[in-house]
Amino acid sequence: DGMNVLFIVVDDLRPILGCYGDKLVKSPNIDQLASQSMVFSNAYAQQALCAPSRVSFLTGRRPDTTRLYDFYSYWRVHAGNYSTMPQYFKENGYVTLSVGKVFHPGVSSNYSDDYPYSWSIPPFHPSAEKYENDKTCRGKDGKLYANLVCPVNVTEMPGGTLPDIQSTEEAIRLLNVMKTNRQKFFLAVGYHKPHIPLRYPQEFLKLYPLENITLAPDPWVPKKLPSVAYNPWMDIRQRDDVEALNVSFPYGPLPDDFQRQIRQSYYAAVSYLDVQVGLLLNALDNVGFSNNTIVVFTADHGWSLGEHGEWAKYSNFDVATRVPLMFYVPGMTTPPVSQGARVFPYLDPFSHIGGSAPQGQSKKVVELVSVFPTLAELAGLQVPPACPETSFGVVLCTEGTSIVHYFNVSEEKVEEGKEGCDDTDRCFNEESVAFSQYPRPADTPQWNSDKPKLKDIRIMGYSVRTIDCRYTVWVQFDPNNFSADFKDVHAGELYMMETDPNQDYNIYNNTSHGWLL
C-alpha cells in the first residue's frame, strides 16, 4: 500500500555534518539518519538562492524553465502550469502536508505556498517567524539589536519559543494525526536555521569554544576571480552588528575575530537544527512509522563561511551550491525494519560521543532537480517523463533523472584510462554532471549583485560541476526574452578539483575552451 514520505528541507545548510566528514560539528541525529540512508556526497542546487532553488526542485525543472531567478513571479502564471512533487503525490492518493518553510513564501508560491495545488490542507507557518528579523539579540550593552550573530535565551523570546521549535511540534502533532487516520502521507518539514539571522538557543554555543574555531582555509578574494563572479554579501552587511564594523564595499574583509564568531554561530545553529531533526525522527519511531516511511533530508543550497572572502549564498562556488542529500528507505537502504522498531532514538549533542558512517555513500555528481523523479520511483509511483527540449506547455515532466540506480552501488569502480588527456578533456568524460546558474546585474559588484531583480539581470553565470572540475561561463543575458548569448562571454572560471579542492586558482585563461560551447 505504498510508503509514506517525510521530506525535510533545511534553509542555507551546507554539508558541515559529521556524516560528511566535518570534524568539528556535533550533528548526531542527522548522522544517525545518514547511517541508515543512501548519502550523496556530491549533490548540488540549481541556483544558490531560496526561491529559485525551491521552485526548481519542487517542480523538477531548472531555473531557465521556471523563469524564476529572483523572488517576484509565480511559475504557473509566468512560465507554465507545472505540477509539483507534492501535487503529484496528492494526485496519487497521498495526504500532503507542509510545515515551516517548504516553498519560499510570497508571490513566488502565489502567497499560499502553492495551496491548494500542492497541499491537502493549508500549510503551517510558525507564529514566531514574524519576529525573525526584529531586535531580539541582546548586545554587550544590554540593549536589543537585529544582529547577524544572535544566540538567545528562548524564554525571553516573543511567545517563549523559536520558529523551528514550533515547526517540530506541529510536524509531530501531524504524525500523530496521521497515525489515527491511516492514510498515506507526504509530510514536508522546512527548517529555517541556519539561515540568517543566526538566532538559536544560546546553550549551543557551549559546544563550540571560540578557540576551536578557525577561519576559512581561503579567506581572501582569489587573484583570478572575475569580478562578476563575486557576491558582495549585502544581506549580512545590513545586520546591526556587521554594519557597526563599517566594512568597505565590496571586498573589505570582516575582522578575523568576527569571522570566527559567524562560523561559531553557524555551527551552533546546525546543532540546534540537529536537535529538531532528532526530535522529529524520534517521533516517527514513536508513532510506529519508521518501517514504512521514506525520509529525505536536504537543503535548498549552501552558504559561504568566509571562503574566497565571501559570505552567504549568491554564487556558483561549491560552498554555495553543494547541499546534503540523503534518502532513508526502509528495506532498501536498511535491512527490513519491523513494525514499531526503534530506528531513530534521540541523541543529545551535548552528551553523545562518536560518529556513525553513512549506510551507503555515492560520490556521483547529482542535482536537486532529480529529487522529484527519484522520490516518485522510491514510492512506487510512475516516474514523471523527461521534459522535451522546450516544456513550457508540458504540465508533468522533469528535467532531472531518477538516481535510484545509484543506490545499490556496492563499490564504485575506479575510473581507468584518464592518463594522457589534457585537463579539459578529463573534465567532461564523466556521465554525471550538475548544472547551476547565477544572475548578475553587471560585471562588477553592485548593491544588487546578490539578488538582482529579473529586469536588472544582464549576465548569467552558467556552471557545470563534474567529479573533476567546476567550469563556469558568465554570458550576456536578455531578461526580456530570457535568452543567453553564449557567444558573448564576459568571463570564465575553471577549477580542477584534484589540485584545487577549494576552488581558489582559476585556470580558465590558461586553457582552450572551444570544446564545451
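**Exercise 1. Identify the ring over which the charged end of R61 sits, and give its distance from the ring centre.**

Solution. The structure is a predicted model, in which local features need pLDDT of at least 70 and side-chain atom pairs count only at pLDDT 80 or more, while totals for chains, interfaces and linings use all residues. Residues are numbered from 1 along each chain as its sequence is written, and side-chain values use heavy atoms, with hydrogens and water left out.

Step 1. A charge sits over a ring if NZ of Lys or CZ of Arg is within 6 Å of the ring centre and within 35 degrees of the ring normal.

Step 2. The ring under R61 belongs to Y82, and the distance to its centre is 3.8 Å.

Step 3. A further case is R237, which lies over the face of W233 at 3.8 Å from the ring centre.

**Exercise 2. Describe the geometry of the aromatic pair of F89 and F186, and state which parts it ties together.**

Solution.

Step 1. Rings of Phe, Tyr and Trp (its six-membered ring) pair if their centres lie within 6.5 Å; planes under 30 degrees apart are stacked, over 60 edge-to-face, and the rest tilted. The whole structure holds 25 aromatic pairs.

Step 2. F89 and F186 are tilted, with 4.9 Å from centre to centre and 40° between the planes.

Step 3. Because F89 lies in helix α5 (residues 85-91) and F186 in strand β7 (residues 185-191), the pair ties together parts 97 residues apart in sequence. Helices (H or I, at least four residues) and strands (E, at least two) are DSSP runs, numbered from the N terminus.

Step 4. F89 is buried, at 0% relative accessible area, and F186 is buried at 1%. Buried means under 20% relative accessible area, exposed over 50%, and partly exposed in between (1.4 Å probe, protein chains only).

Step 5. Both F89 and F186 belong to one aromatic cluster, whose members include W75 and W119.

**Exercise 3. Locate N448, determine whether N448 is buried or exposed, and name its contacts.**

Solution.

Step 1. N448 is found in the loop between β14 (434-440) and β15 (459-465).

Step 2. With a relative accessible area of 11%, N448 is buried.

Step 3. Contact means heavy atoms within 4.5 Å. When neighbours within four places in sequence are left aside, N448 is in contact with P441 and D456.
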